[in-house]
Amino acid sequence: MTIGRQTQGDQVIEPVGFRARTTVSAVPIDLHTHSTASDGSLTPTELVEHASLLGIEVMALTDHDTLDGILEATLAAAATGVELIPGVELSLDWDRGGMHMLVLWLESGSGPLQDRLAELQGARNSRNARIIGRLNELGLDITLEEVESEAGTGSVGRPHFAAVMVRKGYVTDIREAFDEYLANGRPGYMSRWRLGPEEAIDLARRSGGVPVLAHPHTLGLDNRAEVETMMRRLSSAGLVGIECHYGSYEADERAGYARMAGRFGLLPAGGSDFHGTYKTGVLLGTGSVGIGVPSEILEPLRSMRS
């Protein structure tokens, strides 16, 4: 299967810097995707159907801090034959850059981490109200009702603020909205309460999930010594894997992160980080550089389920 173009409805999505896909996977998989349950543009059903049309056989739904889309995605997967791995992406307390953690095979319902997600959602709602207040102070006439309407039934996230800003003409596209207002350090950014890395790993493992450090390049660490110190800290806390095959990583970056994972006894993971139209140029299954995720990473990760 060669993926050069993907469609959403009548829209054709062209990847940024696309090159022909490297054949690395007998079973196409994607372990990092988002739906309208958080900040993706496709509903869980549409996302699974899109994956099926592309020939993706195994995918994880990893919406931000919520499992709300899992039931719908599971039903859609049963109808299409796609294997759906339930999961979540946690935003963690980290002051250097951005630390996110994927928790794969996290079932919806009750559990140590599942119960804590409700508290995280409350913190997200409080932050959204504060973002509206700050944007209004900056002269942008935006209401929380408009942003909630953009999000539909899903959790409100910054891409929904960005979409409203684009629609009202304050910025030209979503990237400009983040660059000028919403990214960390910009005037419209608001922090919120988050789990610490060790607590998140502990909750994930006690809930039957497999914790994986997402897109490690965002940690903001300056040198190899800092990276190795952090990897020792996380691996000793029970981290299982690192997202070595992230959607924007070139082949040499993937190999480098895989070697680092091996040094600390961690497993390689990977996914596109697909958000649909909220993250243009990122294709389901291949990310932005046209390289798929190796199928051989799946079973070692699966074996680490509690």
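The model is predicted, so local features need pLDDT of at least 70 and side-chain atom pairs count only at pLDDT 80 or more, while totals for chains, interfaces and linings use all residues. Residues are numbered from 1 along each chain as its sequence is written, and side-chain values use heavy atoms, leaving out hydrogens and water.

**Helix α7 and its neighbours**

- Helix α3 (residues 112-137) packs with helix α7 (residues 197-206) at an angle of about 130 degrees, their axes 7 Å apart.
- That angle makes α3 oblique to α7 (under 35 degrees is roughly parallel, over 145 roughly antiparallel, 65 to 115 roughly perpendicular and the rest oblique).
- Pro-112, Leu-113 and Arg-116 of α3 meet Glu-199, Leu-203, Ala-204 and Arg-206 of α7, where contact means heavy atoms within 4.5 Å.
- In α7, Pro-197, Ala-200, Ile-201, Leu-203 and Ala-204 are buried (under 20% relative accessible area, with a 1.4 Å probe and protein chains only).
- These residues cover an arc of only 165 degrees around the axis, so they sit on the same side of α7.
- Their packing partners are β5 (83-91), β6 (100-104), α3, β7 (210-213) and α8 (224-237).
- Gly-208, which follows α7, has a positive phi near 85 degrees.

**Tyrosine rings**

- The whole structure holds 2 aromatic pairs (ring centres within 6.5 Å; planes under 30 degrees apart are stacked, over 60 edge-to-face and the rest tilted).
- Tyr-249 and Tyr-257 are stacked, because their ring centres lie 5.0 Å apart and their planes are at 25 degrees.
- Tyr-249 is buried at 1% relative accessible area, and Tyr-257 is buried at 18%.
- Together with Tyr-246, Tyr-249 and Tyr-257 form one aromatic cluster.

Terms used
Rings of Phe, Tyr and Trp (its six-membered ring) pair if their centres lie within 6.5 Å; planes under 30 degrees apart count as stacked, over 60 as edge-to-face and the rest as tilted. Buried means under 20% relative accessible area, exposed over 50%, partly exposed in between (1.4 Å probe, protein chains only). Axes are lines fitted to C-alpha atoms, for helices over the stretch in contact, and angles run from 0 to 180 degrees between N-to-C directions. Helices (H or I, at least four residues) and strands (E, at least two) are DSSP runs, numbered from the N terminus. The arc is that of the directions from the helix axis to the C-beta atoms.
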